[in-house]
Amino acid sequence: MKKIILRNRLKVARAEKDLSQEELAKLVGVTRQTIGSIESGEYCPSALLAFLLAKRLEKKVEELFFLEGDEL
């Protein structure tokens, strides 16, 4: 049984806005390392952070984050 994984399109959305990891981090009140960890899939953001990222990038949450796995 495979586990469900949260994937994201954060790096692409950030590039569309021409923002660095550090710039986006400042906009949402986290560190650059947090943004990098989310983009690489090492860190799963809270719902609050996911919504803040979506708002700052002018995307819907489901445009940035999606689930992957056999159980879906």
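Student: A nonpolar core is a set of buried (under 20% relative accessible area, 1.4 Å probe, protein chains only) Ala, Val, Leu, Ile, Met, Phe, Trp, Tyr and Cys residues joined through side-chain atoms within 4.5 Å. Which residues touch the most other members in the largest one here?

Tutor: Leu10, Leu24, Ile35, Leu53, Leu57, Leu64 and Phe65, out of 16 residues in that core. This is a predicted model, where local features need pLDDT of at least 70 and side-chain atom pairs 80 or more, while totals for chains, interfaces and linings use all residues. Numbering starts from 1 along each chain as its sequence is written, and side-chain values use heavy atoms, without hydrogens or water.

Student: Which helices supply at least two residues of the core?

Tutor: Helix 1 (10–16), helix 2 (21–28), helix 3 (32–40), helix 4 (47–56) and helix 5 (61–64). Helix 4 gives the most, with 4 residues.

Student: What is Ile35 in contact with, leaving aside neighbours within four places in sequence?

Tutor: With contact meaning heavy atoms within 4.5 Å, Ile35 meets Leu10, Leu24 and Leu53, and also Arg14, Gln21, Ala25, Val28 and Val30.

Student: Changing topic, what pattern does the protein follow along the sequence?

Tutor: β-α-α-α-α-α-β, that is, 5 helices and 2 strands, counted as DSSP runs (H or I, at least four residues; E, at least two).

Student: How much of the protein is buried?

Tutor: Of its 72 residues, 32% count as buried.

Student: And what box do the C-alpha atoms fill?

Tutor: Roughly 40 × 20 × 20 Å, along the principal axes.

Student: What share of contacts between residues at least 6 apart joins residues at least 24 apart?

Tutor: 61% of them.

Technical notes. Buried means under 20% relative accessible area, exposed over 50%, partly exposed in between (1.4 Å probe, protein chains only).
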